[in-house]
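Please walk through the chains of this model and the contacts between them.

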Amino acid sequence: MESVRHHAHQEVIREPATIPEPIKTKPRKKKKAYLPGLLLLLPILLFIFGFFVVPMLYILYLSFIYTDSPNATNAVYSLKNYALFFTDSYYLSSLWITVKVSLYTVLVSLLLGYPVALTMAKSSPRIRGYIALLIASPLLVSIVVRNFGWYLLLLPNGTINSILTSLGIVSAPLKLLFSEVGVVIGLSNAYLPFMILAIATSLYNIDPSLERAGAILGASPMRTFFSITLPLSLPGIVSGCVLVFSMSMSAYVTPALMGGANVPMMPIVAYDQINNLLRWTFGSALSYVLLATTMLLVTVFTRGFEKSRFREVFR
Amino acid sequence: MKTLGRLRLLVAILTIIYILIPLLVVIPASFTSANYPSFPPQGFSFQWYTKLLERPEFMTALANSAKFALVAAFFSVLFGTLGALAIAKYDIPGKSYITSLLTSPLSVPQLVLGVALLIYFTPLMLAGTGTGFLIAHIIICIPYVIRLVLTGLSGFDYNLERAAAILGASPLTVFWRVTLPLIRPAIISGGLFAFLTSFDNVTVSLFMVSPDMRTLPIEIFSHMQDAYDPLVASVSSVVIFISVILIIILEKLQGVGRMFGGTH
Amino acid sequence: MTILATRNDVEIKNVVKRFGSNTVLNGINLEIKQGELLTLLGPSGCGKTTTLNLIAGFLEADEGDVYIKGKNVTHIPPYKRDLGMVFQTYSLFPHMTVYENLDFGLRLRKVPKPKKQNRIARALDLVKMSGLEHRYPRELSGGQRQRVAIARALVVEPELLLLDEPLSNLDAKLRHELRAEIKRLQKEIGVTTIFVTHDQEEALSMSDRVVVMNGGKIEQISSPTTIYNHPETEFVFQFIGKSNCFHGTVAEINNRKISVQLEDGWVTFVDADNIMGSERTCRPGDEVKLYIRPEKLSLASAEQSGHLEHFHKATITQMNYLGASWEIDATLLGKSVQILTPMYDASWQIGKEVMIGWNPSDIMLIKK
């Protein structure tokens, strides 16, 4: 013991005081903290991937294959499906009708929906809640039921025609069902809540003192609305229009019931091709033409606004 | 300019009536004593409800709808809640892309989805089967559950979980006794919403059904096209009734308007 | 007579305003002189913003009348009143550039283009925002936005300028800067200005006259110095600045001084002018409260005791260094008082006994 101590003591005297170098350790691999999260996500990711992403991609792939029947072995990669579509006036007019009806629906929803959104914005939160409940509830009732309600009202011997003919306003019943008018009524009725809620959200975000500032500077209520409120609600209007347009373009049940064979919108044609004529590859092409057209028009619309003189509102 | 304000209010009220009117006329029409559907109804009778009970195709369809909706809701809630928890709690790379992916079925038109699943399921022998139908419904319901549960978790105080852990609770206990009860309203809302979405669904279902496995909305759909009689009214009223009850519960839990992004 | 009649740019006569069962303004009477900067000051809920909104026209009086430049505007909507207003949240139109914001009011008045451009340029120059015409509000800082808001209000050459707590959203340094600017601008342009604030410093430093409001009633209308040194009511004394309070009984009144006996038997004099409250008199035997401001109490040292009339022992309980001054708490005559002094003496310590001095002219008295 003595000797060791002595030794240590001597060592200490001899060496200058230094801070010992830190012991180098191998960097431990950090366990990824989100691993349990990935585990939780796995079932749903697999499910969505397997039963959603893959099928969607599969029919995109199919649309580039031209066959005459689903079981044909003479599959050929070609754009023939698309060519068929764009060269046939029947399909092109179907696409046009779809776009036209959707645009009418957007217009009707916008004109009728804006006053409701404005009313909500000017009301207390409680009333806003009641109105939101009233207009959103129909969304949770099956579309067929809502269309049936319109049948009751719009049929030649339905409520509206009965009232009109008995009051003598029209001599013969109006053809409201099985026409474009009927489809627009059905679609606007179904999608109005989305337009209203989109515009309302935008209106809620407008600083209330902006309207006061306008008034103090001399703007009448109407002037205030057009110069201040309307431009500032543009983001809501655009998102509402985009939403209603997209949903109208791909609607099947309402056009089928309210328009029938008289209004051959794309979803109806596509359904027919696939379920009745079993032309799967062509039907797939139709679906993607519909999707692409919708996305194109929506992009043009939104980009148009973002580059317009109102672009400041969208920041 | 008070008149402009009054005009605005008038249009607003008329529009709200416009939105509600199809539902409002169906229920009285179901009590007609005549043989054809009309509004206003002719006379008053319960006949179309009693006749409904005698029609096996409607009763089966109702049972089918309810069954599928329940199971679809269950699985959507299961998958969706786990997914939402994972996204909310863990900093997974590409989180926002994953969330967008999981909610993307909402932005795809149901028509295209129906086409895709029908074509995809056929070689897999799932087309026209209950399983295939169920899978399709789960796909469309999951986005709603994810959105609702994520919203429910957005204000969640994770310190509550840490407090429980410090007190000695295992992760499973923490989840069962702390996390779950707190997000229960969001989960129940998600479940109810999923149930209604599945119960009401028509478009995707049209691609997935087989003649021996029809749901109520599809029965209504085909009856409207082929056999138009007041039976459709009474069936529809039943659907409205079920929906209204669930809507009331949903309103108490979550606020229906808020779920569609309405109020602040 | 006619000269007098037009000297008041704003007259509010017996105005009552209710919100449901709550009476927010209870019979207000106010005359605002041409060219003055008048501040409405008070705690939240006192009715100052309501009064401003009544002048602006955003609210209508339930009873009484509002006159602007001799015209009864009580039932005229805001967009017909030709006023200028600056809001707490600036309220610049976010979808318009600075130029377009200023152009808004001029367009509505159909001012011809060359004249418009001239006026806008001058207005922006006034608020030192020249060159920023093509910026959008979101590209400006808070202080810049407020300047533009002021320019927008002034460019239309309004009858009145209304400011609703315009500086509340700014940090302290900006607030000081803009305070001085607004005062300078107002004097330069000469427009009658009504300013609403809850910040006493703002009110005292900027105004020609201050209106102190409380619970829907006007407590006092005076110049800033009068408000501070000769408050007429207990509320005004307590609301503006800090106060120390003592209780006592009036012993004797003679000539120009009232002698008040404090709780422990000690007697202090109070100037006879310094009575607050609705009755400006008191009699021996009255129970009274005495108020004195912290900066009027001095920790006496040899140099400064000359001008003080009263002295008493006190024990220091707390000392807070504020940078430019010391805030010292002490126990004086059994009560805890606060003293504000720019001086410092190394002998001052917590627990130390010191002498505190004051003057009768600095004490305000009110009957209990």
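In this predicted model, the C-alpha centres of domain 1 and domain 2 of chain C are 39 Å apart. The domain assignment places domain 1 of chain C at residues 2-232 and domain 2 of chain C at residues 242-367. An unreviewed UniProt entry lists residues 10-240 of chain C as "domain: ABC transporter".

Chain C touches chain A through 19 residues of chain C and 18 residues of chain A. On the chain A side of this contact, helices α9 (208-216) and α10 (221-232) of chain A each supply at least two residues. Of the elements of chain A, α9(A) gives the most to the side that touches chain C, with six residues. By class, the side of chain A that touches chain C holds 11 nonpolar, three polar and four charged residues.

Chain A also has a contact with chain B, made by 73 residues from chain A and 70 residues from chain B. On the chain B side, helix α1 (residues 2-29) of chain B provides the largest share, 16 residues. The residues of chain B that touch chain A divide into 52 nonpolar, 13 polar and five charged.

How values were computed
Residues numbered from 1 in each chain as written. Chains lettered and ligands numbered in written order. Predicted model: local features only at pLDDT ≥ 70, side-chain atom pairs only at ≥ 80, totals over all residues. Contact = placed C-beta atoms within 7 Å. Helix = DSSP H or I, 4+ residues; strand = E, 2+ residues; numbered from the N terminus. Nonpolar A, V, L, I, M, F, W, Y, C, P; charged D, E, K, R; others polar. UniProt positions renumbered as here; feature names shortened; annotations may be inferred. Domains from an automatic or database assignment.
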